[in-house]
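Hi,

Here is the structure I promised to pass on. Have a look at it first, and my notes on what I found follow below.

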Amino acid sequence: MQKRKLSFWEIWNMTFGFLGIQMGFALQNANASRILQVFGAEVEHLSWFWIVAPVTGLIVQPIIGYYSDRTWTKLGRRRPFFLTGGILAAIGLVLMPNADLFTAIMPSLWVGAGMLMIMDASFNVAMEPFRALVADNLPSDQRTLGFSIQTVLIGIGAVVGSWLPYVLTNWFGFTNRAAEGEIPLNLLLSFIIGAVVLIVSILITVCTTKEYSPEELEHFHAQEDKPDEVVPDEEKSKITDIFTDFVKMPHTMRQLSWVQFFSWFGLFGMWVFATPAIAHHIYGLPLSDSSSETYQDAADWVGILFGVYNAVSAVFAFFLPVIAKKVGRKKTHIISLLIGGAGLLSIYVMPDENWVILSMVGIGIAWASILAMPYAILAGAIPPRKMGVYMGIFNFFIVVPQIINALIGGPMVKYLYGGDPIYALMMSGVAFIIAAILTLRIDDDDEEVSSNIATN
């Protein structure tokens, strides 16, 4: 018995929940700094507020991965986790921009930061079981396609989430103006709509996708076990095995870890500092301005820019399997990261906000590859019996660079860059280029085996 090859639409439905997850994630990425500034955060302190997000991911992801490998309910193995995570994330989406309602308890700034933590923890609960589901349900030769379709849906959700505040204002007339210390109506409605879409999209995946039973998975795992691989005793396994698995991570995963480190260091810097950087460097506003009409327009435009790179990502993801088949997954990732790095560096020389769209095209190409290629390489390099826990451990190399950037990013802006956040975006571009260079070191054994089989 072999894993059944799924049709395009079966894979689409299986990954459809990522549309809602990424819509919520995009609303957070494009607007969290804006919301925190409205509630009183200084530019150099923004990265410190953002630190709660990767810290929760560092703790939550491996634990969720461990338990999702060992869970079986009427809903299946992975589905209970991303359904629960989706519901909690939706609650955070509704409450974060409404943090000023809780000022009787504590300052709205701290409530907003707490909601950011809840949202990111919940996104983490949902994301890795989703990625593990793709690896569980698809045979090896469909995994690149599976992660690419997932990237397409991520792109679509991110475009809608990023553009929603701008669309609500410019197409439907909802105001983006508000009194100092208050969140504009267009942003409040955007987060509520994002919460609804998140729940609906995850329910579509839950209702249309079946998972293999434990017995079937055991059979598949037996077929995929490597000759020298020790089969774990599930009855004796314990949560602390995560640390042992971390030490024993496969060689390819260890190589990928450095690529992920610099990729996500760069992404985090862009997400945190894009709004103040664009408002100051492109619109010419003082760094102290976080409430003027021009600032609100600049912040809405950052949402459009984020939507552009996600739209490019969604389109480019369709071509990733074809490109990877022609030149290999490594070269595809290297080229994509170099283009993304050039895109980030180019923001500095763009004459106005419209030209920055061109920079976002390059970033979108890199983003598509970051969401697909490392996971396609990883899925063939880790033991299938521990797919969930290793996907969770792999998240270390996403959240640790974000934590480091969160700790040093603000002080670097204040003391190294003279208070100008545009240089944080330049540093992100350099990080992408370093990640591309480190990709040269990766041994993609799974792709080499598949190529040999195809040749023979």
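A quick definition to start: I call it a salt bridge when a side-chain nitrogen of Lys or Arg is within 4 Å of a carboxyl oxygen of Asp or Glu. Before the details, note that this is a predicted model, where local features need pLDDT of at least 70 and side-chain atom pairs count only at pLDDT 80 or more, while totals for chains, interfaces and linings use all residues. Residues are numbered from 1 along each chain as its sequence is written, and side-chain values use heavy atoms, with hydrogens and water left out.

On to the charged pairs. Side chains of opposite charge can pair when their charged atoms come close. The structure has seven salt bridges, and here are three of them.

One is Asp136 with Arg77, whose closest N and O atoms are 3.5 Å apart. Asp136 sits in helix H6 and Arg77 in the loop between helix H4 (52-69) and H5, so this pair links distant parts of the chain, 59 residues apart. (Helices are DSSP runs of H or I with at least four residues, numbered from the N terminus.) Asp136 counts as buried because its relative accessibility is 4%, and Arg77 is buried too, at 5%. For the cut-offs, buried means under 20% relative accessible area, exposed means over 50%, and partly exposed is in between, with a 1.4 Å probe and protein chains only.

Next, Glu211 and Arg79 meet at 3.3 Å, N to O. Glu211 is in the loop between H8 and helix H9 (214-224), and Arg79 is in helix H5, 132 residues apart. Glu211 is buried at 12%, as is Arg79 at 11%.

Then there is Arg177 with Asp297, at 3.2 Å from N to O. Arg177 lies in the loop between H7 and H8 and Asp297 in helix H12, so the pair ties together parts 120 residues apart in sequence. Arg177 is partly exposed at 32%, and Asp297 is partly exposed at 33%. Salt bridges with shared partners also join Arg77, Arg78 and Asp136 into one network.

Finally, helix H8. With 24 residues (185-208) at 1.5 Å a residue, H8 should span 34 Å, and its end C-alpha atoms are 35 Å apart, which agrees. That expected span is 1.5 Å times one less than the number of residues. Among the buried residues of H8 are Leu187, Phe191, Leu198 and Ile202. The buried residues of H8 pack against helices including H2 (17-38), H7 (143-170) and H12 (293-327), where contact means heavy atoms within 4.5 Å.

Cheers

Methods. Helix = DSSP H or I, 4+ residues; strand = E, 2+ residues; numbered from the N terminus.
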